[in-house]
Amino acid sequence: MASEPKKLWGGRFSGATDPLMEAFNESIHFDRRMYAADIQGSQAYARELSRQGILTPAEQATLDSGLLAVKEEWASGVFELKPGDEDIHTANERRLGELVGEVAGKLHTGRSRNDQVATDMRLWLLEEVTKTVAFLRDLVGALVHRADTDIDALMPGYTHLQRAQPIRWSHLLLSYAFWFQQDAMRLEQFVPRVSQLPLGSGALAGNPFQVDREALAKELGFASVAPNSLYGTSDRDFVAEFLFHCSMVMLHISRLAEDLIIYSSAEFGFVQLADAYSTGSSLMPQKKNPDSLELLRGKCGRVFGAMSGFMMTYKGLPSTYNKDMQEDKEPMFDAVDTLSGSLRITTAVIATLKIRTNRMRESLTGDMLATDLAEYLVRKGVPFRKTHHISGAAVKMAEDRGCQISDLSVADLKTLHESFEDDVLGVWDFEKSVDNRCSVGGTSRKTVVAQIEQLKQWLA
């Protein structure tokens, strides 16, 4: 009968592991994606052990070539998992031993899977954050390009989903561009907190072989060294923070998706999604459903759930490492996959959708200029609180007559206040209304162009 494969921790135990527990305990099916980070950390650690005299130069060279061979097997898809490969560290060390022999057993000197896995996760996440920021910049670029191209399009701006004031379509797109810019900047500010090296912390108490952790950090590209070994092995704040940042990005994607779902409906008809990002109905031939946007909106909840679920696991742990922490990886991996896919789909939707400027214009109604009417009187010296009530009375007059406020005559308006003159008719101009909003951040052509240039400079 074949003996059970040796485990990294097996010396203390004489009984076999229950196969159910074996499956329950293993994480190789998801943490295998960190194989490159695990090997990178092991190569650096072997070089440091050689500098400290634990390995001879020949042994270090043997381990380095063996680790490269293991990495190539993973990269080419020929790495063969075997029973007992409970995680990526165990699998790599087992295969390394098969390739180079007993010297592989020296690699773990002074190192624990506790500091090893924390190092792997941070290395892996640093690369993924860089990719995520690039995807965010692509999305901002697509929004800026559309804002630049579509700058002449006017549409209703909404509050409480009720028509409020006319705005530029570009102004709306840029509001999301600035949100996504902030998301990218938050992730960049997050990097130094991920870029702390745990390696050299051991299981919890530190490393007894005088490894130079500063040198290890420099070699692996970390900005700093985790300053406390208990903290180094058990900190997962970086996972929680990353999940929060992912949640914020998905929140912004979800809000953009909701706007576009509404605006693509027949009731609005402002935008039309490309066929590539829409689906039909299995029963109703006329349907064109915005499934890409609905999935984006739905996947926001998935990432929120990953964050809240992990926080509930993390909150009750005693120091330092506990097996509960194995539950840190799947939420992180899933958030990365969900977010990267969502950002690319959102970018493609923005780049390919069509706008219907005629429907946007048709939805602009005179009552949306009621504020402009009040501001007309302000420029005549009437206090705004009074002009607000006067303009409201004009709205009521038009409603009672079943007409638009812009259909009221100058004589009608004079019955509300003597300051109305013939030039009040100039108020009923949507272009003028929009271009009056010319303070920084406003919806005028001048200020929208300035916002576009601001974002272009950031993207450059």
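Biologist: Is Ser254 buried or exposed?

Modeller: This is a predicted model. In it, Ser254 has a relative accessible area of 14%, so it counts as buried, the cut-off being under 20%.

Biologist: Which helix is Ser254 found in, and what does Ser254 touch?

Modeller: Ser254 belongs to helix H10, residues 237–264. Not counting residues up to four places away in sequence, Ser254 touches Arg297 and Cys300.

Biologist: Now the core. How many residues does the largest nonpolar core have?

Modeller: The largest nonpolar core has 104 residues. Among those with the most contacts inside it are Leu125, Trp169 and Phe180. Helix H6 (residues 113–149) gives the most to this core, with 16 residues.

Biologist: What is Trp169 in contact with?

Modeller: Leaving aside neighbours within four places in sequence, the contacts of Trp169 include Asp150, Met155, Leu260 and Met360.

Biologist: Changing topic, what volume does the largest pocket have?

Modeller: The volume of the largest pocket is about 460 Å³. It is lined by 20 residues, of which Tyr158, Leu172, Arg255, Asp259 and Tyr263 are the closest to its centre.

Biologist: Which strands and helices supply at least two residues each of that lining?

Modeller: Strand S1 (154–159), strand S2 (162–168), helix H7 (169–194) and H10 each do.

Biologist: And by class, what does the lining have?

Modeller: The lining of the largest pocket has 11 nonpolar, 6 polar and 3 charged residues.

Terms used: Residues numbered from 1 in each chain as written. Predicted model: local features only at pLDDT ≥ 70, side-chain atom pairs only at ≥ 80, totals over all residues. Heavy atoms only, no water. Core = buried A, V, L, I, M, F, W, Y, C linked by side-chain atoms within 4.5 Å. Buried < 20%, exposed > 50% of the residue type's maximum accessible area, 1.4 Å probe, protein only. Helix = DSSP H or I, 4+ residues; strand = E, 2+ residues; numbered from the N terminus. Contact = heavy atoms within 4.5 Å. 1 Å grid on protein atoms, 1.4 Å probe; cavity = no way out; pocket = protein on both sides within 12 Å on 5 of 7 lines; lining within 4 Å. Points joined across faces, edges and corners; volume = space filled by probe spheres on them. Nonpolar A, V, L, I, M, F, W, Y, C, P; charged D, E, K, R; others polar.
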